[in-house]
Amino acid sequence: MSTADANGIKQAIRSFILSSIAVPDLDDDADLFESGIVNSLFAVQLMTFIEKTFAMEMGMDDLDIENFKSLNATTAFVLRKNGRRSG
Amino acid sequence: MAENKSKHEEFKAFVARSVAPFAEQWDRDQRIPDGIIRQMAQSGYLGCSLPPEYGGQGWDIVTFGLLNEAFGRGSSALTGVLTVQAMVSMVLLKWGTMEQRRLWLPSLATGEMIGAFALTEPGAGSAMQSLVTEFTPNAQGFVLNGGKKWISCAQSAGVFLVFGTLGGRSVACLVPSDTPGLRVEPISDLMGFRAAGLAQLHFQDVVVPSANLVGKPGYALSHLAPVGLHYGRISTACSALGLLRGCFEESIGHAARRKIGDKTVGDIGMVRSLIARMGTDLEAGTLLCHNACRAEDEHLPEVFEKALMAKYFTSRAVVRAASDAVQIQGAAGCHGSSAVSRYYRDAKIMEIIEGTTQIHEDILGRIFVDQAGGCGTSTRAD
């Protein structure tokens, strides 16, 4: 996975998050779920976005808040999952 | 599309033959006979959206929506079986382990077992965060104590997906209905949805093996319940749409045939106004339901709000339509023997189940405001 790929993934996730929650900008490490800025469906919306955009399927093993708590965490999760799939 | 239409015709024929003629009796008896459940199971309807590898039909959600619409036209209560079966099955398909899917899904897919979604509690209603049902660890897995209320199809369910807390974290567990310590207390005399087999569940020191835990502790309310409720909303939106079609068909039939002197009821301008609104709501609801089902098939992230909008719209529209359908038929429509009197009672239930109208407004309102407040591109445009 190249740096360009990683940046593209991060940008796509950033755009999705910003289209879903009422914040003017997003710190890469801001905790999305602790801050109370997301609606009650955001977790499954984000999950569906990731599955659709990056052609992957999440299951029980992926249920870990560390995977989705921030923009950086979500990007790292997608990169790891993609790496496992292609590796 | 042609295949969907053909399936819809098949479903409507099934309902016309095996559901509609008996729905009034089921409503009076407050019970759905086992025979019709068996027929639905044999037709593959109860596991229609599960993959064939688990014994399902692998139908897309557009087809699932048409199935619910067709059944909603005949009996809201019977359609409730399709609703809860999908809610439990789809949560298990998404978040269950391979072992859990292999163990539970085949019997749910074939309809050998009915699943029920045990989320609502006597003191919580639609407020999911207030669960008091509690799992505590023991040597075998967990001990479950607490209670659930207003659980659709609980009287006939073979397994419940029970939501509660474990050490302060939300969890969901599969609990077979014959587990010692679980008591199913039927709820009778609802105003509508009378044959849907609702019950209150009492759990007293119910031992649940740890293998029955679905997903991981802490994610039942954020990831499991929303998936189940999502399919429940799609099912209920389409069921309400079918009921709305019933109101419309009864009303136009009555307006065209019922004579008052040398005129028909349909010659009355104010009646035509009621029917115009009903028919337009039917068309709008059809589009919203199709849009939600198609978004699910395309796995779009905005599918959740589309399902909310479809359910919000059709459930409110059918309440108006059922009221107008009774109004159009006058005294005859108020009698218990009229189909529209049942539609009127069932319609209101559509506004309550799988989240009340007010819950839908709260969630949708927040989603819309959040989309405007962020600086990204709206996901709703299409």
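In strand β3 of chain B, V143(B) is the bridge partner of T136(B). The model is a predicted one, in which local features need pLDDT of at least 70 and side-chain atom pairs count only at pLDDT 80 or more, while totals for chains, interfaces and linings use all residues. Residues are numbered from 1 along each chain as its sequence is written, and chains are lettered from A and ligands numbered from 1 in the order in which they are written.

Strand β2 (residues 134–137) of chain B pairs with β3(B) in the antiparallel sense over four bridges; strands are DSSP runs of E of at least two residues, helices are runs of H or I of at least four, and both are numbered from the N terminus. Two strands are taken to pair if DSSP finds at least two bridges between them. A hairpin of three residues joins β2(B) to β3(B). Strand β3 (residues 141–151) of chain B is also joined to strand β7 (residues 199–209) of chain B, by eight bridges, and these strands run antiparallel. Along this pairing, F142(B) stands opposite V208(B) of β7(B), and K148(B) has L201(B) of β7(B) as its bridge partner. Strand β6 (residues 182–186) of chain B pairs with β7(B) as well, in the antiparallel sense and over five bridges. There, F203(B) in β7(B) is the bridge partner of L182(B). In a regular strand the side chains alternate between the two faces of the sheet.

The helices of chain B are considered next. Two packed helices are described by the angle between their axes and the distance between the axes. Axes are lines fitted to C-alpha atoms, for helices over the stretch in contact, and angles run from 0 to 180 degrees between N-to-C directions. Helix α4 (residues 61–74) of chain B and helix α7 (residues 220–257) of chain B have axes that come within 7 Å and cross at roughly 45°. The angle makes α4(B) oblique to α7(B), given that angles under 35 degrees count as roughly parallel, over 145 as roughly antiparallel, 65 to 115 as roughly perpendicular and the rest as oblique. The crossing of α4(B) past α7(B) is right-handed; a crossing is right-handed if the near helix is turned clockwise from the far one by less than a right angle, and left-handed if anticlockwise.

On the α4(B) side, the contact with α7(B) includes I61(B), G65(B), N68(B) and F71(B), and on the α7(B) side it includes I234(B), C238(B), S239(B) and L243(B). Two residues are in contact if their C-beta atoms, placed from the backbone, lie within 7 Å. The residues of this contact of α4(B) with α7(B) divide into eight nonpolar, seven polar and three charged, where Ala, Val, Leu, Ile, Met, Phe, Trp, Tyr, Cys and Pro count as nonpolar, Asp, Glu, Lys and Arg as charged, and the others, Gly among them, as polar.

T79(B) lies in helix α5 (residues 76–95) of chain B. Leaving aside residues up to four places away in sequence, T79(B) touches N68(B), F71(B), G72(B) and S239(B). T79(B) is buried, because 28 other C-beta atoms lie within 10 Å; a residue is buried if 20 or more other C-beta atoms lie within 10 Å of its own, exposed if 12 or fewer, and partly exposed in between, with C-beta atoms placed from the backbone. T79(B) and T236(B) are 157 residues apart along the chain, and their C-alpha atoms are separated by 8.3 Å.

Helix α7(B) also packs against helix α9 (residues 303–329) of chain B, at an angle of about 25° and with the axes 8 Å apart. This makes α7(B) roughly parallel to α9(B). The crossing of α7(B) past α9(B) is left-handed. The residues of the contact of α7(B) with α9(B) divide into 19 nonpolar, seven polar and four charged.

Chain A has three helices and zero strands. Of its 87 residues, 33% count as buried. Among contacts in chain A between residues at least 6 apart in sequence, 64% join residues at least 24 apart.

The contact between the chains takes 21 residues from chain A and 27 residues from chain B. On the side of chain A that touches chain B, α1 (3–20) and α2 (42–53) are the elements that give two or more residues, and α2(A) provides the largest share, seven residues. That side of chain A divides into eleven nonpolar, eight polar and two charged residues. T48(A), found in helix α2 of chain A, touches H299(B), P301(B) and V303(B), not counting residues up to four places away in sequence. T48(A) is buried, because 22 other C-beta atoms lie within 10 Å.
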